[in-house]
Every structure is written in structure tokens, then in C-alpha cells.
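The sequence and the structure are shown first.

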Amino acid sequence: MSTTGASADPLAALGSLPGVAESVESVRKAVDRVYGHRIMRRRSNAITSEAALRGARGSAALSGADWALEEVRRRTDFSGDDEARVVGAALRLTAEAGQLLSIWRQSPLRVLARLHLVAAADKGDEVGRPRRAGEPVDEPLVEVPLPDAAEVSGRLEGLSQLIIAGSSAPALVTAAVVHGELLALRPFVSHNGLVARAAERIVLIGSGLDPKAVCPAEVGYAELGRAAYLAALDGYVSGTPEGMAAWIAHCGRAVELGVRESTAVCEALQRGAA
């Protein structure tokens, strides 16, 4: 995303793209419905915990580790193979995201570095910092053109400035841009998809749209499928109004499906079946 131009608030300008206002309103209504569920008033902590688990499973699936929910739930060791490590990274990121809310608005780049450190669970020199010129990127499922390190640095700084400055844009728009920009840039040598989705989660929670973290967009992305996810990302990378609007709409639909998942959990708890 270009962070320059005529608008002093480019994120807010995206809210006026065709169809975006409708996506924002649809998401708001869906979120309001789940927050109004009677179970949320009594057992919101249980819904939050379940949403975190399901969100982590969904994010891992998009990064190539499509495990059944019950397998994620029962497993305690995530060090065995590449897929297990991806699932473990997704679980750690989901847990960590809630601890970084107060830092995000002041230092988003510090938060992104921390997210990568948590995901990689490694002490290598390349962990927890943007990649340098010539360093390879291990993100085989995202195939859009890879910006060079200099472009990554400039665009990360621009994104950081937007977050720190604040915006009148709806939370969905800001979250979608953060998510899309990180996927497009792939600023780290690994785990960029997991980090991008965790950053989106931070925006949705910290903005007040989903303060209890019960609307796991990652569930929705996984349900919509990797092909649709990557096609929507192509729209974001194109930078066209139509492409940007399509990406934001895709992100909105994912949030709505996450809401549907948590609503089903609420209903199961109400019936005493979970």
C-alpha cells in the first residue's frame, strides 16, 4: 500500500471504496450479535479461549499445517516436524497477541519483531528483525512478487507511521491493510503469514471491535480456502481500488465466519454440550 498521496489519512480513504462501507457494516452487525449472546455475559472467558484455539488452527492451516481441531487440542509437543512447528508457532502467537496491545499503537515495529521472535522460537541472527538484502524468505505458499529489503524497510516505516498517527478508518479497514501489507512485504525470513494474521488480530482487538477476542478471522480465512485467500491478496498487491476493496471484503467475510464459529460455541455451551 502506498502511504503517500493527497489524503492525510489514506486508511480512511479506503473506507470510501465501493462496497467497503457495506462490508464494515456487515461485520459490525455480526460482531454485535455474538457479543449480545447470553452465554457471552456469563462465560466470555471460555469463548475467548476456544476462539484462540480455533483461530490458531485456522492460521496454521493457511501456512500448510491443516490439522483437525481435536488434534491441536490434545497435542502437547509441537517440536516433532515442520507441520507441528507451524501449529506450535500459531498457538504461541495467538497467546502472545493479547500481551502486546498496549505497545502496538506506540511501537508497531517492535510488536512485529516480537511476534516473529515468538513464532520462530529461535535465537538465530535473522530472527526478530526485518530481512536484509540477499536473505531468502521461506514462505512457499505466498507467491506474489517479493519486494527487496530496501522497499520493505520503507514500507514498514510508512505502515508504522500510519498506525502511530491513528486513523478514523474503521477497524476492519486498518486490520485488512496491516494484514495485506505484511503478506505482500514478507518482511521476515519466515513465518510471515502467521505474523500477518496475528497482527490483524491485534488490530481487531485493540480497536475495540473485538475486545474479548471472540471473532477469530483466521477461522474464516481457512474456511474460505487458501486459493480464495491468495486471489484476494493479489487484489491487494495490485493496489487498484477494486483490488483493495476485494481484499477488505475478503477480510470482512473471514471475520463474519469467525463470528459464526464462536456463535456455534456459544450455542453448544448453552445446550450444555461443550
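Predicted model: local features only at pLDDT ≥ 70, side-chain atom pairs only at ≥ 80, totals over all residues.

The cut-off explains the class: a residue is called buried under 20% and exposed over 50%, with partly exposed in between. Thr48 belongs to helix 3.

Once neighbours within four places in sequence are set aside, Thr48 is in contact with Lys212, Ala213 and Val214. Thr48 and Arg28 are separated by 20 residues in sequence, and their C-alpha atoms are 18 Å apart in space.

## Ser44 in helix 3

Ser44 is also found in helix 3, which covers residues 38-62. How accessible is Ser44, and is it buried or exposed? Its relative accessibility is 14%, so Ser44 counts as buried.

Leaving out residues up to four places away in sequence, Ser44 touches Ile39 and Lys212.

## Val118 in helix 7

Val118 is part of helix 7, formed by residues 108-120. With 10% relative accessibility, Val118 counts as buried. Beyond residues up to four places away in sequence, the residues that Val118 touches are Arg92, Leu93 and Glu96.

A pair of positions gives a sense of distance within the chain: Val118 and Gln270 lie 152 residues apart along the sequence, and 35 Å separates their C-alpha atoms.

## Cysteines

How many disulfides does a search of the whole structure find? The search returns 0 disulfides. Cys215 takes part in none, and the nearest cysteine sulfur to its own, that of Cys266, is 9.7 Å away.

## Secondary structure and overall dimensions

The protein chain contains 13 helices and 0 strands. Its pattern, read along the sequence, is α-α-α-α-α-α-α-α-α-α-α-α-α.

The radius of gyration of the protein chain is 18 Å, which agrees with the value near 19 Å that a compact globule of 274 residues would have. Taken along the principal axes, the box filled by the C-alpha atoms is roughly 55 × 45 × 35 Å.

## Burial, contacts and surface

Of the 274 residues in the protein chain, 52% count as buried. Among contacts with a separation of 6 or more, 73% are between residues 24 or more positions apart.

The protein chain has an accessible surface of about 12,100 Å², and carbon and sulfur atoms account for 52% of that area. The charged side chains comprise 30 positive and 33 negative ones, and 8 Å separates the centres of the two sets.

Terms used. Residues numbered from 1 in each chain as written. Heavy atoms only, no water. Helix = DSSP H or I, 4+ residues; strand = E, 2+ residues; numbered from the N terminus. Rg over C-alpha atoms; globule rule 2.2 N^0.38 Å. Buried < 20%, exposed > 50% of the residue type's maximum accessible area, 1.4 Å probe, protein only. Contact = heavy atoms within 4.5 Å. Areas by Shrake-Rupley, 256 points an atom, 1.4 Å probe, with all protein chains shown as cover. Lys, Arg positive; Asp, Glu negative; His and termini not counted. Charge placed at Lys NZ, Arg CZ, Asp CG, Glu CD. Disulfide = S-S within 2.5 Å.
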